[in-house]
Amino acid sequence: MIMNFSLKRFFQNNYRTVGFVLIDSVIMAIAYYSASLIRYDFQAPLWGWLVVAQSFIVVWFVQIAALFVFGCYRLVWRYVSAGDAPRFVLAVGVSTTALFVLRLLFPMQDWSSVRLPLGVIFFNAFLVVGGLLSARLVWRMIVEDKLFGSASHHSKVRHLLFVGAGSAGNMAAREFRRKNEGDMKVIGFVDDDPTKRDVKIQGYPVMGVINDLPQLVRRHNVDEVIIAIACASREVIRRVVMLCETTKARVRIIPGYFELIEGSMTASKIRNVEVTDLLGREETQSDSQAVLGLFGQKRILITGAGGSIGSELVRQVLRTGPERLVLVERSENALYEIDRELRTHGMNTVMKSLLGDVTDRKRMTEIFSHVKPHIVIHAAAYKHVPMSERNPVETLKNNVLGTRILGELAVEYGAERFVLISTDKAVNPVSVMGTTKRLAEIMVQDLNCKERTRFSAVRFGNVLDSSGSVVPLFREQIKNGEPITVTHPEMRRYFMTISEAVSLVLQAAALAQGGEIFVLDMGEPVRILDLAKEMIVLSGLRPYEDIPIQFSGIRPGEKLFEELDVSERSAYRTGHARIFISKITVSDAPPTDQILATCKDLCEGDVSPEAARDRIRGMIINSTTEENPNA
């Protein structure tokens, strides 16, 4: 190797390196003196210590030069690890070989400063390697353990405890050790693997199993529990969160699997656990070719495009490369936001954002006549149960008549498919919102029987973080330090992430042959009280102590449990593991003409909200037993 810089210039510009060279020089002197003592049985050599000191000058020059050549002084002391040891071994090995060659080139009878004893050369090599690496290790321990008060500049040292002592945990601990600025201290690990008991990872002990978390957090004053498992299951994440519920520790999580295998994980990427980590589920394989074949190079119209579901539909459909994508939305601000988001990213698809109300037949006719969509995805709806209970006629007009208008226009202008976004609340409905969505399903099933357009509906439960849902409400209450309001301690709901729900909607649309009511497998229902507690813990607070939980009582139109049955009794399987087809058919519903006549009467008449609610529920009261044979 050739040195790429001048030593003199290097020393002038690197005072820290000069200091490290001086320290190494002391180590080398001690090592050389000790090697001489060992070689001569701790007696002074015949030629005296002055000659030994003179010979050390040659040794020092050769070894320092080798350390520079092999880049040992380009390494920051506090970051030197076991992976850097070969560099030092090689440097000392080369310098020892050079000294051995010098020994052979100067075979003088007297002991000169060049002709070194062989024993001293070899003993010195071992002692120098050990001394150089030990000095750096001690320095690193001083910095990381803050033995000399390096943490005194920080008001508080955060104590960290890792969950998972595997490869991901090892990488996370190494990163914290490398990047530690004095305000964090790793306490150790917990892991359920019995083979990892009483071992050390990066110098930190495995202190117990996951169930020991509460005791360990309190005993060691832990501030953060970090889930360091590359592919941590939802069950493990939830278990850790619940165990930390009674402690003050905040739960965080490492990046995903692919960042780990690429070695790109950094301490700054370790993030807070989100509610989607707890309630979302691992993605299943999707038939992307079927979705691309359905939506690619087609004219697509999406209603309610500014809402939570609608905007995600727009994003995912846009990825399929449609010929034209038309966004229809009544809220100007919501439409502006999704339009602005998409246009800032640039795209090849022609996109139009149009304001319009789905109940306005004239406006919808203008849009359909201009666009002539191949596929219509109808996501516009009034969805909030309490608000729908207070405004039953408007909910009926929007959810039922709006769906009928769009369905008829889809037929008139030759649409290939029409997909209605429905809800689990349409099963045995007790609310105005659920009843009107069931009536909307009846509308599309009825149209499918008469026309060539393939009509279908997709039912699913709550989506995480959708506008007006419980998750953003709880988040706001926690942020403001207000009590979290839960309607009932046993209230349960199905949850799914927005992206997963929309992905499955598009899959269902590709499966549709016409007339189906698709039901998405939402997994197990989640108790809302547990969700509230978990969100408080994820915020680094304690339920009932830092944030109270109050029960407000079940609101009008709400159920304790939503019914979303995908068993063989109620649904058929499809080719997708999480998509089923409800066994309910149009023959199970009341006549469409009767429904439309009642809707017209309610919308045009002067009816009280109470009377309207009763009449709306009464429209399907005779059909609900078909959906639930055990009712």
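Modeller: Contact here means heavy atoms within 4.5 Å, and the model to which this is applied is a predicted one.

Biologist: To which strand does H16 run at about 165°, and which strands does H16 lie across?

Modeller: Helix H16 lies across S8, S11, S12 and S13. These strands belong to an open sheet of nine strands with mixed pairing, in the order S10-S9-S8-S11-S12-S13-S18-S22-S21. The strand to which H16 runs at about 165° is S12.

Biologist: Which strands stand at the edges of that sheet, and why is one side of each left without a neighbour?

Modeller: The order of the open sheet begins with S10 and ends with S21. Each edge strand has a single partner strand, so one side is left without a neighbour in the sheet, and the two concerned are S10 (350-355) and S21 (571-573).

Biologist: Why do the buried residues of H21 line one face, and which helices are included in what covers them?

Modeller: The buried residues of H21 are Thr592, Ile595, Thr598, Cys599 and Leu602. Seen down the axis of H21, these buried residues fall within an arc of 130°, so they line one face of the helix, whereas Asp593, Lys600 and Glu604 are exposed on the other side. What covers the buried residues includes helices H16 (392-412), H17 (432-450) and H22 (609-618).

How values were computed: Residues numbered from 1 in each chain as written. Predicted model: local features only at pLDDT ≥ 70, side-chain atom pairs only at ≥ 80, totals over all residues. Heavy atoms only, no water. Buried < 20%, exposed > 50% of the residue type's maximum accessible area, 1.4 Å probe, protein only. Helix = DSSP H or I, 4+ residues; strand = E, 2+ residues; numbered from the N terminus. Arc of directions from axis to C-beta. Pairing = 2+ DSSP bridges. Axes fitted to C-alpha atoms, helices over the stretch in contact; angles between N-to-C directions.
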